[in-house]
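Open the model in your viewer and keep the selection panel at hand.

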Amino acid sequence: MTTGTAAAPLLEIADLAVGFTTRAGHLRAVDGVSLTVADGEIVGIVGESGSGKSVASLAVMGLIDTAGTVTATRLRFAGQDLLTLGARARRRLAGAEIAMIFQEPMTSLNPCFTVGFQLKESLRVHQRLRGRALTAAAVALLDQVGIPDPAARLEAFPHQMSGGMCQRVMIAIALAGNPRLLIADEPTTALDVTIQKQILDLLVALQRARGMALILITHDMGVVAETCDRVVVMYAGQVVEQRPARALFARPRHPYTAALLDALPERALGRRRLPTIPGVVPGIGDRPDGCLFHPRCARAQDVCRTDRPALAPDGAGWVRCPLPLGDPA
Ligand code: SF4
């Protein structure tokens, strides 16, 4: 199943499942995720903690450890079948053509080495640069990500820089391989509010300047509203809705999407209390029968407690609910 734009996608995922063997048996953290990302597109993957959005991305990067199993009917990047690619070729691809940045820049950088050493290491591996060309490329990348006095900053250690500056360095390292796809996993969550907007603006500016695709993983619908072309909403390991951002914000169809949007402070103006979604995302070993969202859904019917809905085409998008809200957009 393909759930995205009609043009040949850069990334194509169909029925991705990621399972882990535990004492309670084989449990699926991600179950049947299908999505596509076109060249130069910004796709937001949104959901609460435990929705599986990070695990799905780690599977694309080939970073699920040996305790996990990854299956899919289709997992293709730039025409290459990632399911049959050898381990070496997969490692070459991840980090170069597909790069990823994470939530905690301070822990992603090695505290024992200078920023310059770590950035140059990445440039050495991906672009095989040496000597002055290597230093010039490192300075140029730090400059591109908005680090002032970049030549001097090459000698700085991570602890001598702020969280925002460290995230800029991580972005520079991710760009060292000239990726066609950058996956940013909660890239602003650990940062001060004032810095969050700067990092988001930087990611969008780099995405436009380089024409690369960007997957932005976040729990924050506000972040998605400002940046994304298309939004994929995940819940308990499944995609529950996906559609162009404008349509999703104007007319959400899945009750979970609507609840996430209702919880945005700007949509609650005049209300005394900010709406919240009762309960929590069920854990990997704790998933209910029927629709996984039914214990928290105000619209749940008897059928929702027994039948697991499939992801179905719906207007310009897809929805996993036989009783969606309003009309499709
Ligand atoms: Fe709610 Fe039922 Fe739709 Fe699930 S299938 S989201 S419980 S209405």
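Start with the ligand. By class, its shell holds eight nonpolar, two polar and one charged residues. Here Ala, Val, Leu, Ile, Met, Phe, Trp, Tyr, Cys and Pro count as nonpolar, Asp, Glu, Lys and Arg as charged, and the others, Gly among them, as polar. Select the shell: His254, Pro255, Cys291, His294, Cys297, Arg299, Ala300, Cys304, Cys321, Pro322 and Leu323. Each has a heavy atom within 4 Å of the ligand.

A note on the source: this is a predicted model, where local features need pLDDT of at least 70, side-chain atom pairs count only at pLDDT 80 or more, and totals for chains, interfaces and linings use all residues. Residues are numbered from 1 along each chain as its sequence is written, and side-chain values use heavy atoms, with hydrogens and water left out.

Next, the aromatic rings. The whole structure has four aromatic pairs (Phe, Tyr or Trp rings, the six-membered one for Trp, with centres within 6.5 Å; planes under 30 degrees apart are stacked, over 60 edge-to-face, the rest tilted). Select Tyr235 and Phe293: their ring centres are 5.0 Å apart and their planes at 80 degrees, so the pair is edge-to-face. Tyr235 sits in strand β10 (residues 230–235) and Phe293 in the loop between α11 (255–262) and β12 (312–314), so the pair ties together parts 58 residues apart in sequence. (Helices are DSSP runs of H or I, at least four residues, and strands of E, at least two, numbered from the N terminus.) Both are buried: Tyr235 at 1% relative accessible area, Phe293 at 3%. Buried means under 20%, exposed over 50%, partly exposed in between (1.4 Å probe, protein chains only).

Last stop: just after α8, select Gly211, with a positive phi of about 65 degrees.
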